[in-house]
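The points below are grouped by topic.

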Amino acid sequence: MKPFDVTAFRNAFPILAREIHGKPLVYLDSAASAQKPEAVIEAMTHAMRHSYANVHRGLHTLANETTDAYEAARAAAARLVGAASPDNMVFTKGATEAINLVAAGLGRQFAPGDEILLSELEHHANYVPWHFLRERGVVLRFAPITDRGEIDMDRLEALVTPRTRLITLTHMSNVTGAKTDVARVVAAARAVGAQVLLDGCQAVVHQRVDVTALDIDYYVFSSHKLFGPTGLGFLYGKADRLAALPPYQGGGEMIASVGLDTISFADPPHRFEAGTPPILEAIGFRAAVDFIEALDRDGAEAHEQALYRHVREALRGDNTVRVLGDSAEKGPILTFVLDGAHAHDLAQILDRYGVAVRAGTHCAEPLMRRFGVTSSTRVSFAPYNTVEEAEAFLTALDKARRFFG
Ligand SMILES: *Cc1c(COP(=O)(O)O)cnc(C)c1O
């Protein structure tokens, strides 16, 4: 097999030629948001220059062209995650909105005493929308996390009760990189008739996902972590689940007919897409999917994993660095605490060497508490990163230590 061509891949991203404080940019923050290839930039500007109108078929040429491009993005999203039909895919403004959409709908259907099972590993996006339902008497239960930074599956299974209506978990942690054992989750849910939602924001970037094979009810992800534009995400839902879900926001485009006293709603997915949608973002996202599909995905994944292992091994003997989470098989995400250093200070010093990392709670405060820390530093890899960049990070980290004696 031909090795993954990191130089060719990297050259597709104009921003990576930038310098920061006179040093080459070393972008190790792709788990927060990935950079954009020329193809995505070009697709969006091309649309604005040549083929743009509001969507709605049948009115005029530009409207038809734009509608076709918009619906092609829906089909691309369906392909990317293995959905049976584009009709399973709802456009949202991000993964966060997709979870809020499901929570608002299910919240109207769940009764006091019904239970939702989450984990202590969740991004705030997969916790706070469910927290709102506590006002209505819905009970949240949290599966604990092992020292390796994984969901404790035995204890998760023990928390499933006949009142469990939904199990909602991250597919891959944005902090520890741990992957969730979906087959076990689905089996536990089905045993009591509960639904399953997976937060796929990280998993969809680093591995192939097939929602149909996983047999889950809902899957959410964001365009901007997949080399696409911000302002766009998706909710995948099984057809019967979407059909049973009440509308989220009201407005144009989501109705079948409107009278002064009665309104009927459009079928999914349009029922959930009130107002003018993120049209240009959808066009950019479609280009991002084309870009990903043209990629040697196995090679890219192996390359990211090699970068992760390189840094992980380099830090292994270092007793001033504590790595949070250490699964045998995980995403290329490395979160750590450096003795005596506040994560924010460390990130600012690394920035002086051109190295961009994330510092803070990573929108996962319960997990920080679980590990007994208030903040941490995260390095995350994308296929455009190089071994030289992994080395540059390690060198900058060594230099940074001197600031924290
Ligand atoms: C980024 C992220 C989110 C939130 O995605 P938005 O694009 O901000 O809506 C949720 N969960 C995980 C695991 C993430 O990495």
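This predicted model holds 4 cavities of 30 Å³ or more, a cavity being a set of points on a 1 Å grid over the protein atoms alone where a 1.4 Å probe fits but cannot get out, with lining residues having an atom within 4 Å of a point. Grid points are joined across faces, edges and corners, and a volume is the space filled by probe spheres set on the points. Because the model is predicted, local features need pLDDT of at least 70 and side-chain atom pairs count only at pLDDT 80 or more, whereas totals for chains, interfaces and linings use all residues. Residues are numbered from 1 along each chain as its sequence is written, and side-chain values use heavy atoms, with hydrogens and water left out.

**The largest cavity**
- About 120 Å³ of space lies in the largest cavity, and of the 14 residues that line it, Val205, His206, Leu295, Arg297 and Ala300 lie nearest its centre.
- The lining divides into 8 nonpolar, 2 polar and 4 charged residues, where Ala, Val, Leu, Ile, Met, Phe, Trp, Tyr, Cys and Pro count as nonpolar, Asp, Glu, Lys and Arg as charged, and the others, Gly among them, as polar.
- Domain 1 (6-32 + 296-404) and domain 2 (42-293) both give residues to the lining, so the largest cavity lies between them; the domain bounds come from an automatic or database domain assignment.

**The second largest cavity**
- The second largest cavity has a volume of about 60 Å³, and its lining includes Ser30, Ala31, Gln202, Val205, His206, Glu304 and Phe381.
- By class this lining has 7 nonpolar, 3 polar and 2 charged residues, and at least three residues come from each of domain 1 and domain 2.

- Helix α11 (residues 279-293) has 15 residues and reaches 21 Å from its first C-alpha to its last, close to the 21 Å expected at 1.5 Å a residue, the expected span being 1.5 Å times one less than the number of residues.
- Since 11 of the 15 residues of α11 are buried, this helix is largely enclosed by the rest of the structure; buried means under 20% relative accessible area, exposed over 50%, and partly exposed in between (1.4 Å probe, protein chains only).
- Strands β11 (residues 255-258) and β12 (residues 263-265) pair in the antiparallel sense over 3 bridges, pairing requiring that DSSP finds at least two bridges between two strands.
- These strands form a hairpin with 4 residues between them, and Val258 has Ile263 of β12 as its bridge partner.

**Loops and backbone geometry**
- Most residues other than glycine have a negative phi, and most peptide bonds are trans.
- A cis peptide bond, with omega of about 5 degrees, joins Pro268 and Pro269, and Pro269 lies in the loop between β12 and α11.
- His21, in the loop between β1 (19-20) and β2 (23-24), has a positive phi of about 50 degrees although it is not a glycine, and is exposed, with a relative accessible area of 52%.
- Glu253, in the loop between α10 (239-244) and β11, has a positive phi near 75 degrees and is partly exposed, with a relative accessible area of 34%.
- Gln207, in the loop between α8 and α9 (211-214), is buried at a relative accessible area of 14%; Gln207 and Glu301 are 94 residues apart in sequence and 7.2 Å apart in space, C-alpha to C-alpha.

Methods: On a 1 Å grid over the protein atoms alone, a cavity is a set of points where a 1.4 Å probe fits but cannot get out, and a pocket is an open set with protein on both sides within 12 Å along at least five of seven lines; lining residues have an atom within 4 Å of a point. Helices (H or I, at least four residues) and strands (E, at least two) are DSSP runs, numbered from the N terminus.
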